[in-house]
Amino acid sequence: MSDYLQVSTATETREVGVRLAEGAVAARLAASGQVIGPVTSVFWHHGTQGSGEEWQVLLYTTAERYPQLERFVLDEHPWTNPQVSAVPIVQGSTEYLAWLSRSVEGAEA
């Protein structure tokens, strides 16, 4: 398993996405966050296929901090069952990955 993760979720508005990213970074659960959008999502919801405009939120963290980050997103997200998923960062510059680790550990970034 990779020591570094890109965690994603989606929100209905840019403002909610920014609030989630700012909160995760302030709590040192993520080293950084990006809010991208709007994007069009196609999904199943309550047995019906739907689509809508959303904002994608990408958060960068360590595998060690993932459980706390997931809990934060689930607790702070306005949706009942938001998508929260993570993919490994399999390669990255040594300096960037060291910065990421320092950032979530609370060390001088």
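Because the model is predicted, local features were required to have a pLDDT of at least 70 and side-chain atom pairs were counted only at pLDDT 80 or more, whereas totals for chains, interfaces and linings use all residues. Residues are numbered from 1 along each chain as its sequence is written, and side-chain values rest on heavy atoms, with hydrogens and water left out.

When residues up to four places away in sequence are not counted, V73 touches T9, L59 and V84, contact being defined as heavy atoms within 4.5 Å.

Two packed helices are described by the angle between their axes and the distance between the axes. For α1 and α2, the angle is about 145° and the axes are 11 Å apart; axes are lines fitted to C-alpha atoms, for helices over the stretch in contact, and angles run from 0 to 180 degrees between N-to-C directions. The contact is made by R19, L20, G23 and A24 on the side of α1, and by L69, F72 and E76 on the side of α2. By class, this contact has four nonpolar, one polar and two charged residues, with Ala, Val, Leu, Ile, Met, Phe, Trp, Tyr, Cys and Pro taken as nonpolar, Asp, Glu, Lys and Arg as charged, and the others, Gly among them, as polar.

The structure holds one aromatic pair, for which rings of Phe, Tyr and Trp (its six-membered ring) must have centres within 6.5 Å, planes under 30 degrees apart counting as stacked, over 60 as edge-to-face and the rest as tilted. The pair is formed by Y96 and W99 and is tilted, with 5.7 Å centre to centre and 35° between the planes. Both residues lie in helix α3 (residues 94-105), three residues apart, about one turn of the helix. Y96 is partly exposed at a relative accessible area of 29%, and W99 is likewise partly exposed at 24%.

Among individual strand residues, T11 of β1 is buried, with 0% relative accessibility. Although T11 and W55 are 44 residues apart in sequence, their C-alpha atoms are 5.2 Å apart in space. Leaving aside neighbours within four places in sequence, the contacts of T11 are V16, G17, L20, E54, W55, V57, H77 and W79. In strand β3, T62 is buried as well, with a relative accessible area of 10%, and under the corresponding sequence exclusion T62 is in contact with D3, Y4, L5, L100, S101 and V104. S32, located in strand β2 (residues 32-45), is partly exposed at 22%; beyond four places in sequence, S32 is in contact with V25, L58, L59, Y60 and W99.

Conventions: Helices (H or I, at least four residues) and strands (E, at least two) are DSSP runs, numbered from the N terminus. Buried means under 20% relative accessible area, exposed over 50%, partly exposed in between (1.4 Å probe, protein chains only).
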